[in-house]
Amino acid sequence: MDQGFFLLFATVSVITALTMVLARNPVHSALALMACFLQVSAIFVLLEAPLLAVIQIFVYVGAIMVLFLFVIMMIDVREAVLQRFLPGGNLPALVLLALLGVEMLVLVLWSDRFSLMEPVAMGGGDGVRQLSTALFADYLLPLETASVILLAALVGAIMLARKEQG
């Protein structure tokens with residue numbers, strides 16, 4: 001059952017990654033990247049690493065995607081789309097993509113690491129408890145400083161992206 005879910009999430013992850021690369025609209029690329037991040041987070045849940053799954057969602061889907069969307073909002077999308085897709089520039093990239101895909105398939109098929117075996121059980125919730133205690137007890141000041149810096153960057157990006165009235 002777990003292998004079926006893994007194959008489903010991995011397939012959707014690869015499809016969304018290809019959609020991100022091949023999409024002509026930068027907003028569609030960003031949304032496909034977000035879907036890919038969510039699939040990777042689901043794979044972390046299958047690997048019984050819920051902390052990594054939550055961090056994947058908070059950091060990548062939450063923070064990085066907001067940053068990407070701000071950048072997309074600040075640039076002129078129409079001009080960027082015209083510069084992004086020049087005629088004749090896609091053939092070398094597609095050949096390289098095909099070669100890397102064949103290489104990855106060969107490595108996966110020849111590897112012993114993907115045999116059917118039970119996952120190694122990690123310790124219970126004790127590791128997560130130790131990490132959260134260290135993060136919020138010993139490193140509370142750096143954590144709060146980072147959150148204030150990110151908030152200032154967010155306000156600055158909104159101020160820069162705002163149109164002048166007049």
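The model is predicted, so local features are limited to pLDDT of at least 70 and side-chain atom pairs to pLDDT 80 or more, while totals for chains, interfaces and linings use all residues. Residues are numbered from 1 along each chain as its sequence is written, and side-chain values use heavy atoms, with hydrogens and water left out.

The protein chain holds seven helices and zero strands. Here helices (H or I, at least four residues) and strands (E, at least two) are DSSP runs, numbered from the N terminus. Along the sequence the pattern reads α-α-α-α-α-α-α. The chain has 166 residues, and 14% of them count as buried. Buried means under 20% relative accessible area, exposed means over 50%, and partly exposed lies in between (1.4 Å probe, protein chains only). Contact means heavy atoms within 4.5 Å. Among contacts with a separation of 6 or more, 65% join residues 24 or more positions apart.

Helix α1 covers residues 2-22, and α2 covers 26-46. Their axes lie 8 Å apart, at an angle of about 160°. Axes are lines fitted to C-alpha atoms, for helices over the stretch in contact, and angles run from 0 to 180 degrees between N-to-C directions. The two helices are therefore roughly antiparallel to each other. Angles over 145 degrees count as roughly antiparallel, under 35 as roughly parallel, 65 to 115 as roughly perpendicular and the rest as oblique. The crossing of α1 and α2 is left-handed. A crossing has this hand if the near helix is turned anticlockwise from the far one by less than a right angle, and is right-handed if clockwise.

On the α1 side, the contact is made by Asp 2, Phe 5, Phe 6, Phe 9, Ala 10, Val 12, Ser 13, Thr 16, Ala 17, Thr 19 and Met 20. On the α2 side, it is made by Ser 29, Ala 32, Leu 33, Ala 35, Cys 36, Gln 39, Val 40, Ala 42, Ile 43 and Leu 46. By class, the contact of α1 with α2 has 15 nonpolar, five polar and one charged residues. Ala, Val, Leu, Ile, Met, Phe, Trp, Tyr, Cys and Pro count as nonpolar, Asp, Glu, Lys and Arg as charged, and the others, Gly among them, as polar.

Several residues of α1 show this pairing in detail. Ser 13 sits in α1. Its relative accessibility is 11%, so Ser 13 counts as buried. Leaving aside neighbours within four places in sequence, Ser 13 is in contact with Cys 36, Gln 39 and Val 40. Thr 16 is also found in α1. Thr 16 counts as buried because its relative accessibility is 13%. Not counting residues up to four places away in sequence, Thr 16 touches Ala 32, Ala 35 and Cys 36.

Met 20 belongs to α1 and is partly exposed, at 24% relative accessibility. Met 20 and Leu 33 are 13 residues apart in sequence, yet their C-alpha atoms are 5.8 Å apart. Ile 15 lies in α1 and is partly exposed, at 49%. Leu 7 has 47% relative accessibility and counts as partly exposed. Leu 7 and Ile 43 are 36 residues apart in sequence and 9.4 Å apart in space, C-alpha to C-alpha.

The loop between α2 and α3 contains Glu 48. Phi of Glu 48 is near 60°, a positive value in a residue other than glycine. Glu 48 counts as exposed, at 58% relative accessibility.

Helix α3 (residues 50-74) also meets helix α7 (residues 140-161), with axes that come within 10 Å and cross at roughly 15°. That makes α3 roughly parallel to α7. This crossing is left-handed. Val 66, Phe 70 and Met 74 of α3 make the contact with Leu 154, Ala 157, Ile 158, Leu 160 and Ala 161 of α7. The contact has eight nonpolar, no polar and no charged residues.

The largest nonpolar core has six residues: Ala 30, Leu 33, Phe 37, Val 61, Met 65 and Ile 72. Such a core is a set of buried Ala, Val, Leu, Ile, Met, Phe, Trp, Tyr and Cys residues joined through side-chain atoms within 4.5 Å. Helices α2 and α3 each supply at least two residues of this core.
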